Amino acid sequence: MPGSASCAVIVTSRRRLLSLEGAVPLSLDVLPEADACALVARIAGRGRVVDAPEAVAEIAGLCGYLPLAIRMTAARLAHRPAWTPEDLVAELRAGSLRSGESGNQHAVSTAFALSYAHLSPALQRLFRLLGLHPGTDLDAYAAAALAGTDEATARQGLEELVDVHLLEQYEPHRYQLHDLLRRHTQEVLRESEPPARQDEAELRLLDHYLFTALNARQVVAPGQRLLAFEIDRPPVDAPDVSARAPALAWYEAEHAHLVALITCAAARGRVEHVWRYAHVLQHLFDIRGRTLDWVGTHELALAAVEHLDDRLAHAEILTSLAIAC
């Protein structure tokens, strides 16, 4: 390394070098769209893509704006003279390039696997279980539910995943997987986590959100009638929603995830969770003007309660759906 004060040294690593004293850290995000499109053009050949800017933009987007994925994908186009950029887009949409030793997905997965292999077994498990979350982001409480641990342990694990660039923290206490990393979590999940354990983690996550939503509903609408039911797997730790303001703030932050959880529960045949979620969230949908979500979730709930011998639940869902309509 140069010893002169006039020279600079750039050290790159997938892991954040927290103990490197005197260094100025710079975390690189994915490429901006314009740069990603320029990389597609440079690798594929500008003459091949000059008349297809929309296809180039879609190629970059389907690669998640990751340079490695873009380079491998654009190289496919460069080596196939008969293909147009639109042909490559069609192949990417169909998922045809996700396999094979020379495919871009294999190369990207290999890069992710190097980071994954250096994790402790507990961190590996946490990382792959994140692939079960149906939302775009999550907090440490949701991660704790997936892993079956407490919030502090889950938060420490999430921060360690941020340090090795397997997770993004776009705002305090909220964590997000890149789309291609999410796909990778699902691959290692299938390989390493037995189906029964996946089911247990999904049920813990469902009960975590239902538990918190129920507490928030009782604070936001005290005295309104709610049908009684037991939550089978109450979380070890849950967000504080004991006052109206934090209860509504939690709901706003998690609204899209709550709807996604109802949809996923319906698809998995978890009928008790479907109607309970819809019943608990009805007032929150109402006061926030989320009428389309109100109707959509209650239609799923109506289909669910038809499989149950529970006339009260059936009546409550029908009544709430009628009000929404």
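Leu226 touches Leu214, Arg217, Gln218, His279 and Val280, residues up to four places away in sequence not being counted; contact here means heavy atoms within 4.5 Å. This is a predicted model, in which local features need pLDDT of at least 70, side-chain atom pairs count only at pLDDT 80 or more, and totals for chains, interfaces and linings use all residues. Residues are numbered from 1 along each chain as its sequence is written, and side-chain values use heavy atoms, with hydrogens and water left out.

**Overall fold**

- The protein chain has 15 helices and two strands. Both are DSSP runs numbered from the N terminus: helices are H or I with at least four residues, strands are E with at least two.
- The C-alpha trace spans about 70 × 50 × 35 Å along its principal axes.
- The chain holds 325 residues, and 44% of them count as buried. Buried means under 20% relative accessible area, exposed means over 50%, and partly exposed lies in between (1.4 Å probe, protein chains only).
- Take the contacts in the protein chain with a separation of 6 or more: residues 24 or more positions apart account for 68% of them.

**Surface and charge**

- The protein chain exposes about 17,000 Å². Carbon and sulfur atoms supply 54% of that area. Accessible areas come from the Shrake-Rupley method with a 1.4 Å probe; for residues, only the protein chains shown count as cover.
- There are 30 positive and 42 negative side chains. Lys and Arg count as positive, Asp and Glu as negative, while His and the chain ends are not counted.
- The centres of the two charge sets lie 4 Å apart. Each charge is placed at NZ of Lys, CZ of Arg, CG of Asp or CD of Glu.

- Strand S1 (residues 168–171) and strand S2 (residues 174–176) pair in the antiparallel sense over two bridges. Two strands pair if DSSP finds at least two bridges between them.
- Glu168 has Gln176, in S2, as its bridge partner.
- Two residues sit between the strands of this hairpin. His173 lies in that loop between S1 and S2.
- Phi of His173 is near 70 degrees, a positive value in a residue other than glycine. Most residues other than glycine have a negative phi.
- His173 counts as partly exposed because its relative accessible area is 47%.

- Asp139 lies in the loop between helix H7 (121–129) and helix H8 (140–147). Its relative accessible area is 9%, so Asp139 is buried.
- The side chain of Asp139 reaches the backbone nitrogen of Ala142 at 2.9 Å. Beyond its neighbours within four places in sequence, Asp139 is in contact with Leu158, His173, Arg174, Pro239 and Glu254.
- Glu202 belongs to helix H11 (residues 195–220). Glu202 counts as buried because its relative accessibility is 18%.
- The side chains of Glu202 and Arg268 make a polar contact at 2.9 Å. A polar contact is a pair of N or O atoms within 3.5 Å; within protein, one must be able to donate a hydrogen and the other to accept it, and residues adjacent in sequence count only if both atoms are side-chain atoms.
- Leaving aside neighbours within four places in sequence, Glu202 is in contact with Leu132, Arg268 and Arg270.
- Glu193 sits in the loop between helix H10 (179–192) and H11. With 4% relative accessibility, Glu193 counts as buried.
- Among the residues that Glu193 touches are Arg125 and Arg128, with residues up to four places away in sequence not counted. Leu129, Val188 and Gln198 also belong to the contacts of Glu193 under that rule.

**Sequence separation and distance**

- Glu193 and Ala243 are 50 residues apart along the chain, and their C-alpha atoms are separated by 38 Å.
- Leu226 and Glu316 are 90 residues apart along the chain, and their C-alpha atoms are separated by 9.2 Å.
- Leu226 is found in the loop between H11 and helix H12 (244–267). Leu226 counts as partly exposed because its relative accessibility is 22%.
- Gly296 is found in helix H14 (residues 291–305). Gly296 is partly exposed, with a relative accessible area of 29%.
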